[in-house]
Amino acid sequence: MNNLKSPRPVIQVSGIRKTYGRTVAIDEVSFEVNDGEIFGLIGPNGAGKTTTMECIEGIRTLDRGTISVLGLDPFRQVYKLQDRIGVQLQQAQLQKRIKVWEAIDLWASLYKKKPADAERLLDQLGLADKRDAWFMNLSGGQKQRLFIALALINDPEVVFLDELTTGLDPQARRAIWDLVRGIRERGKTVFLTTHLMEEAERLCDRVAIIERGRIIDIDTPQRLVDRHCPERTVVLATDDLTAEERFRAIPRIESLERSDMQFTIRGRGEDLVTEVIHCLSENRMRVTDFRMIVPNLEDVFLKLTGHSIRD
Ligand SMILES: Nc1ncnc2c1ncn2[C@@H]1O[C@H](COP(=O)(O)OP(=O)(O)OP(=O)(O)O)[C@@H](O)[C@H]1O
Ligand SMILES: [Mg+2]
């Protein structure tokens with residue numbers, strides 16, 4: 001992350017619109033992606049994520065607006081740009097009987113510049129022992145890792161990953177997240193799309209939420225949660241007879257529910273939890289259960305759109 005340096009945008013998208021016949025896929029989409037960050041475009045199926053990404057890659061023409069990637073116009077200067085970016089397409093496929101090393105070789109031959117060290121890349125992506133395997137015999141996670149390898153073969157400055165972990169099990173997904181973090185560690189910028197809120201939350205430095213072709217908000221996951229969902233809830237159990245009275249005295253509390261020994265305390269702002277803990281310890285209350293409910297990006301999406309991202 002480049003938090004200490006002033007951010008340098010490597011992707012600048014300004015007021016873009018793209019229609020397919022009568023369908024307005026995206027409209028008035030604007031954002032910037034900074035050098036060295038993992039930026040995620042998140043939204044439900046059909047929101048316009050792939051369309052936005054493909055416009056930035058120079059694969060699609062715009063109806064309106066401008067895009068600059070590494071100072072280039074992605075559509076007019078697509079050949080210049082291709083050497084400097086790496087692309088993994090959603091639902092990419094390869095021939096069944098192409099071997100891992102053949103795919104790598106083929107991809108490397110497509111670029112003018114000297115390819116990255118392929119053996120090292122395969123090693124880093126945990127594919128070294130699969131170099132002679134056919135594509136069709138790779139597991140889902142291995143196929144995705146191969147696509148990452150192909151996206152990195154030209155040692156690009158910006159890497160585009162479209163729904164990289166869809167269809168993978170949680171363990172394979174986590175392994176891929178580590179690889180993507182590794183790409184950032186090597187100083188590259190990552191632009192990715194996902195409809196998995198957990199993925200965005202754990203992986204992305206900043207996210208843009210897109211729905212029905214429009215960006216609703218952009219920020220770090222933490223700031224989005226703080227801004228849109230400041231509610232905090234603490235659920236605890238205590239047999240202390242003075243508990244109810246003491247909890248009511250906490251300044252930040254907005255509501256207090258009680259059922260037997262269990263209390264549900266609601267309020268706003270991250271200090272609520274600290275204040276509850278402080279109250280418990282100051283009054284030496286015995287607690288037999290303590291949970292807190294902290295909202296996440298999923299809740300932000302629900303709040304902003306009125307529906308869950310999976311609907
Ligand atoms: N080539 C095309 N021709 C016509 N309509 C298209 C085309 N590509 C996309 N669309 C439409 O544009 C809208 C945005 O599609 P897009 O593929 O960008 O969404 P997405 O957010 O990537 O969705 P998903 O999560 O399913 O990948 C959808 O309504 C889709 O049906
Ligand atoms: Mg898509």
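## A tour from the surface patch to the ligand

Start by selecting Ile277, Val287, Phe290, Met292 and Val294, which make up a nonpolar surface patch with about 390 Å² of accessible area together. Patch members have over 30% relative accessible area and no salt bridge; nonpolar side chains (Val, Leu, Ile, Met, Phe, Trp, Tyr) are joined within 5 Å, like charges within 9 Å. Accessible areas come from the Shrake-Rupley method with a 1.4 Å probe, and for residues only the protein chains shown count as cover.

This is a predicted model: local features need pLDDT of at least 70, side-chain atom pairs count only at pLDDT 80 or more, and totals for chains, interfaces and linings use all residues. Residues are numbered from 1 along each chain as its sequence is written, chains are lettered from A and ligands numbered from 1 in the order written, and side-chain values use heavy atoms, without hydrogens and water.

Colour strand β13 (residues 287-293) next. This strand gives the most to the patch, three residues. Ile277 sits in helix α10 (residues 271-282). Helices (H or I, at least four residues) and strands (E, at least two) are DSSP runs, numbered from the N terminus.

Zoom out and colour by domain. Domain 1 spans 9-220 and domain 2 spans 230-294, with bounds from an automatic or database assignment. Their C-alpha centres lie 45 Å apart.

Now select Arg184 and Asp205. Their side chains form a salt bridge, 2.8 Å from N to O. Arg184 is in helix α6 (residues 170-185), and Asp205 is in the loop between α7 (197-203) and β8 (206-211), 21 residues apart. The whole structure has 30 salt bridges (a side-chain nitrogen of Lys or Arg within 4 Å of a carboxyl oxygen of Asp or Glu).

Finish at ligand 1. Which residues come nearest to ligand 1? Of the 13 around it (a heavy atom within 4 Å), they are Gly46, Gly48, Lys49, Thr50 and Thr51. α1 (49-56) and β2 (23-34) each supply at least two shell residues; α1 has the largest share, three.

- Gly48, backbone N or O: 2.9 Å.
- Thr50, polar side-chain atom: 2.8 Å.
- Thr51, side-chain N or O: 2.5 Å.

Taken alone, ligand 1 exposes 640 Å², and the protein buries 63% of that.

Conventions: A polar contact is a pair of N or O atoms within 3.5 Å; within protein, one must be able to donate a hydrogen and the other to accept it, and residues adjacent in sequence count only if both atoms are side-chain atoms.
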